[in-house]
Amino acid sequence: MPKRGFLGCSFPVIVGISLVFFVLFALGFAAGPLGRSIFGDLGLPSWLTVPQPDPKLPAEVVLHPFGFPITNSIVGAWLTIVFLVGFSYAVTRRMKLIPTRLQSAFEYGLGWLYDLCQSVAGEKNGRRFFPVVTTIFLFVALNAWLSLLPGFGSITVGTAEGEMPLLRGANTDINMPLALALMSFVFVEYFGLRSRGFRYLGKFINIGQFSQSLGQLFRGRLRAGLSGLITGVIDIFVGFLEALSELVRIVSFTFRLFGNMTAGEILLLIAMFLIPWIFALPFYGLELLVGFVQALIFGGLTLVFLTVAVAPHGAEAA
Amino acid sequence: MGGLANLGISVPTLVAQIINFVILFGLLYLVAYKPIMRMLDERSRKIRESMERTEFIKQQAERAEKEAAKRIEAASQEGQEVIARAMRTGEEVGREAQQQAKQEAEALIARARAEIQRERDKAIDELRKEFAEITIMAAGKVIDRSLDKKAHRQIIDKVLEESTTLKKG
């Protein structure tokens, strides 16, 4: 290992690379709209510039098989599914007790999520929640990363409204985050109901205290009945808030993911538009991180909500 | 619903994405979670088993070592015993041989003595006989008379019997 040099390159190489980067950056800066507004038109060829982005929130419909509208975000989701399932199948088709490198890496990644689930939800519940949390995590992360691949947004297809990109990150279309949030909601309620039965619903419809106090009131114990009645009303209200918070979760889940992914996409497009070429590189790195973090947040929050849902009521209050 | 449509929410797409998610969940469950969990479980079971086995083997080795030490000790004791016994036997044999040699020597000496005695007796006997005859002859010459040989002999024998010098041993 040579100690001299920088980032594993010798000084002349690093200087050369820096020079190329600088020239590219300067060229892009001069050709892009930002440079042009400062220096004026320098007569650079037009293919150096990137067309102005025109982000739309609704996903474009690109296919119409049997009259069913298929948006490009659905195609993007399919790509993610194919990729994930294909990779998993390739790895687990011939599993060995002494793993190959690929299997080892795959097991390490899933094992990390498995340990996370078990450390949050406990030994038994962690095992039950692991598939749900992992599916959400893998889908969100892979979808975000795949849409960063070069060419992902460049493949276009002709439609009635003109040329449209065939692929679009599924989470930049609000339907996918909403679908994920709904699935998360469904799983939370399912596991809550399954492990605690009707007592789980008692968290939302808390009329025990109220009806008991009503009974006291009828039997003529006015003071105790009235004070109990007030507590009962508060209980009912708390239950209502609990139910509301479950619904608000869906909204917050949806818009957190949708907002982050869409903003990231637009940020990249704007960066590329303002200063074409290498200026967008740091933002790519940022978006890689954002995709991972959003996946972790979505999966982690689902895991926490699942854990809270199956926890006994008394433990939750404590 | 105008505002929601602007955001892009559309029921067919939403339903399609939910179906997509369910499909992904099912497929991943089949090709990823189930085999991986099984593999993880199996591996942890294998590791636990092999650790238990290691412990067992270690104990067994310890036991075997102890056994071997015990056996070596026993063998060395036995060897010692054998050597001691051999030495004892050797001593005994030597002693016996010595004793036998001594007995034989004594027997030889005794035989030799008896032989000598017998020779001596024979010699004395012959000497006596001769003496008697010479005496008789001499006496006959002296007195010039033939003595009754028989009577004389008796006399001489009596004399000899009384004499101490030529007494039979």
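**Inside chain A, then across to chain B**

The lining of the largest cavity divides into 4 nonpolar, 6 polar and 2 charged residues, where Ala, Val, Leu, Ile, Met, Phe, Trp, Tyr, Cys and Pro count as nonpolar, Asp, Glu, Lys and Arg as charged, and the others, Gly among them, as polar. This is a predicted model, in which local features need pLDDT of at least 70 and side-chain atom pairs pLDDT 80 or more, while totals for chains, interfaces and linings use all residues. Residues are numbered from 1 along each chain as its sequence is written, chains are lettered from A and ligands numbered from 1 in the order written, and side-chain values use heavy atoms, without hydrogens and water.

Select α9 (222-274) of chain A, which gives the most to this lining, with 4 residues; helices are DSSP runs of H or I, at least four residues long.

Next, select α6(A), the source of the largest share of the second largest cavity's lining, 5 residues. That lining includes A:Phe185, A:Arg249 and A:Phe305.

Finally, show both chains: the contact (heavy atoms within 4.5 Å) takes 32 residues from chain B and 46 residues from chain A. Zoom in on B:Arg43 and A:Glu107, whose side chains meet in a salt bridge at 2.4 Å, N to O, the rule being a side-chain nitrogen of Lys or Arg within 4 Å of a carboxyl oxygen of Asp or Glu.

Notes: Helix = DSSP H or I, 4+ residues; strand = E, 2+ residues; numbered from the N terminus. 1 Å grid on protein atoms, 1.4 Å probe; cavity = no way out; pocket = protein on both sides within 12 Å on 5 of 7 lines; lining within 4 Å.
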